4 protein chains.
Amino acid sequence: MSPRADAVRNRTKVLAAADEVFAELGTDAPTDEVARRAGVGIGTVFRHFPTKEGLLAAVFQERLRQVGSEAAAMATSEDPAEAFHELFTKLIGNSRTKQALGEALTAAGIDVDDAIAPVRDEVRGAIAILLAKAQEAGGVRGDIGVDEAIALLIGASQASAAVIDISMRARTLNVFLDGLRP
Amino acid sequence: MSPRADAVRNRTKVLAAADEVFAELGTDAPTDEVARRAGVGIGTVFRHFPTKEGLLAAVFQERLRQVGSEAAAMATSEDPAEAFHELFTKLIGNSRTKQALGEALTAAGIDVDDAIAPVRDEVRGAIAILLAKAQEAGGVRGDIGVDEAIALLIGASQASAAVIDISMRARTLNVFLDGLRP
Amino acid sequence: MSPRADAVRNRTKVLAAADEVFAELGTDAPTDEVARRAGVGIGTVFRHFPTKEGLLAAVFQERLRQVGSEAAAMATSEDPAEAFHELFTKLIGNSRTKQALGEALTAAGIDVDDAIAPVRDEVRGAIAILLAKAQEAGGVRGDIGVDEAIALLIGASQASAAVIDISMRARTLNVFLDGLRP
Amino acid sequence: MSPRADAVRNRTKVLAAADEVFAELGTDAPTDEVARRAGVGIGTVFRHFPTKEGLLAAVFQERLRQVGSEAAAMATSEDPAEAFHELFTKLIGNSRTKQALGEALTAAGIDVDDAIAPVRDEVRGAIAILLAKAQEAGGVRGDIGVDEAIALLIGASQASAAVIDISMRARTLNVFLDGLRP
DNA sequence: TATGAATGAGTCTTCATTCAT
DNA sequence: CATGAATGAAGACTCATTCAT
């Protein structure tokens, strides 16, 4: 019962290190580097994630899940329109989550759809609810659905990569927000 | 007839093949594949582009240049506002150029700024002119500059990767276009 | 009931699983597979057999011992000549024991002589007795000794690997049996 | 036209080194060792034989081919019965070719039938002819076919592995030869 | 100049073995 | 004693780059 505790902790350390490494060095960073940063042996990485592709998928799922739970949390907000806008704000602003969604869905090499499948529905669901509420509240145009929202989130997150300073960020964001208005 | 002619033709073939290969297989496609599709030996590829990084840079420059000249051509349009919108339409629509700009600027591995430098100003200039005219004509909001426009172009091109069908494409595009209105 | 009882049972389970695994997957099957089939943890396998080489040696000894006791049992037969022939028949026929002897002595990687030493004499003794009786009874040519008999047993067991159907098996076997006649 | 010459020479060197290495260290000897002995870089080995399995197959084919051409050469002998016996003598005697056939067909890991297919028929054909002539000449029993002959060749080559001195070799061989008589 | 064979550093992955629980 | 997670050395294979022809 207790050896499992260590194993779980290691899995977490590896996942965190992988997220960091892939964000910093790109998805073709060597797996050794992940092990090094996690402070474990290379064998441990492969014990928890038998393929590099699997490790990448896990990292992306985790990132997606974060976006999903953020969306879910926001869906309970009393001002869903404002909350929906905030989702974009966060994606374009948070340098950690930044390329998260975009990279997660765009990432070359792994068959995105299959790898992401488990979380995909979860995230889509959360965004769908938030979007519906925001539209109902009159804060977001009614002619877009979840798929368009997701595409736009990807666009926003990628656009943010090119954004340099804060005022520029604000101006870029406004285009998205104004475009989303009814 | 001059020996140079062949060399130039080869350089062109290689560049075209590389553009195709990197678009299809991703930027870490093997250089051999480029040679194969260009119908030349590996040696020839490396003669013209001594590093893979250099080859990638050349491909990206070429892609950027295409966007630049499209922008330049549009700047002479009698309806610059419409032309500016059309730039986005093309980026989100043309599956060939699609990820071009985005990938060109985002591409991991090569130091973007340095590699792109030669064309950067050219493209920026062309877009700046088109944007200014479009704003002057009252077709585009006045609070954004070239940098924001470029960031948005990147966002649009990346968003398009997630777009599946045509009607979805239109709805996604509308958000960008409406957001750009004054 | 004694703690030793469990240990002995485990040793047996491991040995049986190893015999099965190495027969099926070859001698470079992973030790994990042995543990899995034995229904024990890897640690247990290594507790009983500190090296893979040791485990292999144990398996081979066991197989040899089986051949040895078969030979010993047959030596008491009232028709030793017939019994000696039967030894070949079994080796070429029994798909379980089939490559046993051959593999046991041929097996790459472990130093055969040293690993097998403990049982070697035992087996040689049993075969020697059976052979002597068979020769005495006039059923086997007199110009071969134990070493030749063993070499021929190996040959027969390996030849059987190439044998496909039953009638072919019989025809191949006859060559050995006729060759052994005085 | 000339660069090919070097390539062919290298292919040959690699194949020779591989035959040597696999004979000496077994089929799971590291590929690096083959490269080292061939005096080439590891990349060269893989350029000529893209998989280790492929390299092994090539080695085995080569070995088989040698047996095949030996059989073919013998088929033209004026005394085919004697020639057939000589085939066994060579297999049990030549320490270089020794385990050749046996290992070639037995080798764990690679799917023997498929890898060997190209040469299989060639070798079978050569042996079939020699066998038929030997039988016709009354030197070999009539109730065996090619398949049995091959199985016996395998048996003989493996038996030879256990043979220590020359007189023992002769005695073992006699069993095969006498067994093959009509 | 073009060619493509050669090179070897770098990557992923496996597996025997150890050791904390 | 048993367990199975951790370890890291070793092996197969890839690919950017060089260079003899």
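**Figure 1. Superposition of chain D on chain C.** In this predicted model, chain D is superposed on chain C by a rotation of 179 degrees with 0.1 Å of shift along its axis, at an RMSD of 0.2 Å. Copies are superposed by least squares on the C-alpha atoms of residues with pLDDT of at least 70 in both. Two copies of a chain are related by a rotation about an axis and a shift along it. Of the interface residues of chain D, 100% are also interface residues in chain C, so the copies meet through the same surface. The model is predicted, and local features need pLDDT of at least 70, side-chain atom pairs count only at pLDDT 80 or more, and totals for chains, interfaces and linings use all residues. Residues are numbered from 1 along each chain as its sequence is written, chains are lettered from A and ligands numbered from 1 in the order in which they are written, and side-chain values use heavy atoms, with hydrogens and water left out.

**Figure 2. Superposition of chain B on chain A.** Chain B can be laid on chain A by a turn of 179 degrees and a shift of 0.0 Å along the axis, with an RMSD of 0.1 Å. That is the relation of a two-fold axis. The same surface serves both copies, as 100% of the contact residues of chain B recur in chain A.

**Figure 3. The interface of chain B and chain A.** Here 25 residues of chain B are in contact with 25 residues of chain A, where contact means heavy atoms within 4.5 Å. The two chains bury about 2200 Å² between them, and 68% of this area lies on carbon and sulfur atoms. Buried area is the accessible area (1.4 Å probe) that two parts lose on being put together, summed over both. In chain B, the residues that lose the most area to chain A are B:Glu148, B:Arg171 and B:Val175, together 23% of what that side buries.

Figure 4. Four salt bridges are counted between chain B and chain A; a salt bridge is a side-chain nitrogen of Lys or Arg within 4 Å of a carboxyl oxygen of Asp or Glu. One salt bridge joins A:Asp178 to B:Arg141, with the closest N and O atoms 2.9 Å apart. On the side of chain B that touches chain A, the elements that give two or more residues are α8 (146-159) and α9 (166-180) of chain B. The most comes from α9(B), with nine residues. The residues of this side divide into eleven nonpolar, seven polar and seven charged. In this grouping, Ala, Val, Leu, Ile, Met, Phe, Trp, Tyr, Cys and Pro count as nonpolar, Asp, Glu, Lys and Arg as charged, and the others, Gly among them, as polar.

Figure 5. Chain A has nine helices and zero strands. Helices (H or I, at least four residues) and strands (E, at least two) are DSSP runs, numbered from the N terminus. Buried residues make up 48% of the 182 residues in chain A; buried means under 20% relative accessible area, exposed over 50%, and partly exposed in between (1.4 Å probe, protein chains only). Among contacts in chain A between residues at least 6 apart in sequence, 68% join residues at least 24 apart. A network of salt bridges links A:Glu20, A:Glu24, A:Glu33, A:Arg36 and A:Arg37.

Figure 6. The side chains of C:Glu24 and C:Arg37 form a salt bridge (2.9 Å, N to O). This pair links distant parts of the chain, with C:Glu24 in helix α1 (residues 3-25) and C:Arg37 in helix α2 (residues 31-38), 13 residues apart. C:Arg37 counts as partly exposed, at 31% relative accessibility. In α2(C), C:Thr31, C:Glu33, C:Val34, C:Ala35 and C:Ala38 are buried. Just after α2(C), C:Gly39 takes a positive phi of about 70 degrees.

Figure 7. D:Arg65 and D:Glu62 form a salt bridge, the closest N and O atoms being 3.9 Å apart. The two residues are separated by about one helical turn because they lie three residues apart in helix α4 (residues 52-75) of chain D. D:Arg65 is partly exposed, at 32% relative accessibility.
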